[in-house]
Amino acid sequence: MHKVLVVDNDTNRSLVMKRFLSKNNYDVSCTENGQTTIEWMKKNKPDLVLCDLKLADMSGIQLMGKIKETCPEAIVIIITGHSNVKDAVEALKSGAYDYVTKPLFPEEILITIKKALTKTSKESLVAIQPQSNSKKITKSNSVYNNQYITGSSLEFAEIIRQTDLVAPTNFSVIIYGESGCGKEAIAQQIHQKSKRSDKPFIAIDCGALSKELSGSELFGHEKGAFTGAINQKIGSLELANEGTIFLDEIGNLSYEIQVSLLRAVQERKIKRIGGTKDIDINVRIIIASNINLRDASIAGKFREDLYHRFNEFSIVVPSLKERKQDIILFAQHFLKHTNEELGKDIKGFTKEVEYLLTNYTWYGNIRELKNVIRRATLLTDGNLVTSKSLPFEIANFAKQQNEYSAIEKINVKSGTIVSYELKTKKTNLHAEYDMVPVGLKQQDFNRVKWLD
């Protein structure tokens, strides 16, 4: 029976979750703040922690760091309000597995917990597989669940063109982009289009690795190499031999690990922690970052020689809000797979929902869109997803758009608005002014995009 810890200062919510998860055969405990959680974990080792992002004595992200120090194997799922998705994305960068948004729906949380624990169990088996079976291994947390779809926007068409060019080569590739924008899926496509496609593809989230564990994860260790090393472990670089390894958020690796990685890139050799034997490797390395590694190397935060080793080819992935044409395509894809997961047959989205999804600002990019669609599918009883199944912040956006759907053709001259066009569902108004118009409501003025 898996052990789950619920950390939430709302005792009523904790009690509800405890009763529900206990009925589903989980051993559930509850704590109310960061300090009691730390004390509890000194005596107990949970398999999974469900943690509210806002606690009385510390933030969920701060507590997550403590959890990773005390129990690095524990999976952390963050609870957040939808308006705090930016913070949830930061939590993902810090090592959280996933996040769920309030109001909480027990069935949604149960699906997320089952998925997290199942994935971790499979990866535990991967770690003890003999190398001869490594070509069957794919360690991945892709937002596409290894079923890749391409966008229809011009921006995505350019990305596909670049992946087609670089895939047949052995170039190292840097993929830049915001968290959740699909960098791993692009890395998978490069691998699948390469001559190594029948060899392993292994994805590592460097942001989720502590300083102590990153060396073991990448290079492996020998039995007895350090406290807790009760068995030999084959590292991910060795498991990926002849294939591809994808290192996401590589800027989070410590300086010491960067030195060891540089040797692996230069000499194509690694040495397990505690080992004395050099191991030859032939692996293509694709890395990803949400920061500019050149700037980081100049600032001394990333090894310059390692940056130049990796910088043979780079791809920049635009955020979801920069390729609105792709949003409904991705939403339909996630709807299809969630239908299969939940045994539903929802046909699609209302026109209102399509409009909202297309125009909403997706702070968490494709990962956030996927979570919203999964939740909406769970809550929808009819044939189409309506705005009632969307999170409050997105559904409330509909009320604003009912009155004002767009403001376009804004020209700025000498710091004043000289013309604007305001579209509503009923009218299409046009006016010209030599100054900010008195009749323009404050909330409308705030929505004007100032252009150079």
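User: What does Leu357 touch, leaving out residues up to four places away in sequence?
Analyst: Leu357 touches Ile327, Ile328, Ala331, Phe349, Trp362, Leu369, Ile373 and Leu390, where contact means heavy atoms within 4.5 Å. This is a predicted model, where local features need pLDDT of at least 70, side-chain atom pairs count only at pLDDT 80 or more, and totals for chains, interfaces and linings use all residues. Residues are numbered from 1 along each chain as its sequence is written, and side-chain values use heavy atoms, leaving out hydrogens and water.

User: Which residues touch the most other members of the largest nonpolar core?
Analyst: Leu357 again, along with Ile175, Trp362 and Leu369, in a core of 40 residues. A nonpolar core is a set of buried (under 20% relative accessible area, 1.4 Å probe, protein chains only) Ala, Val, Leu, Ile, Met, Phe, Trp, Tyr and Cys residues joined through side-chain atoms within 4.5 Å.

User: And which helix gives the largest share of this core?
Analyst: H13, with six residues. Helices here are DSSP runs of H or I, at least four residues, numbered from the N terminus.

User: What about a second core?
Analyst: A separate one has 32 residues, including Ile202 and Ala264.

User: Is Cys181 buried or exposed?
Analyst: Cys181 is buried, because its relative accessible area is 1%. Cys71 counts as buried too, at 5%.

Technical notes. Buried means under 20% relative accessible area, exposed over 50%, partly exposed in between (1.4 Å probe, protein chains only). Helices (H or I, at least four residues) and strands (E, at least two) are DSSP runs, numbered from the N terminus.
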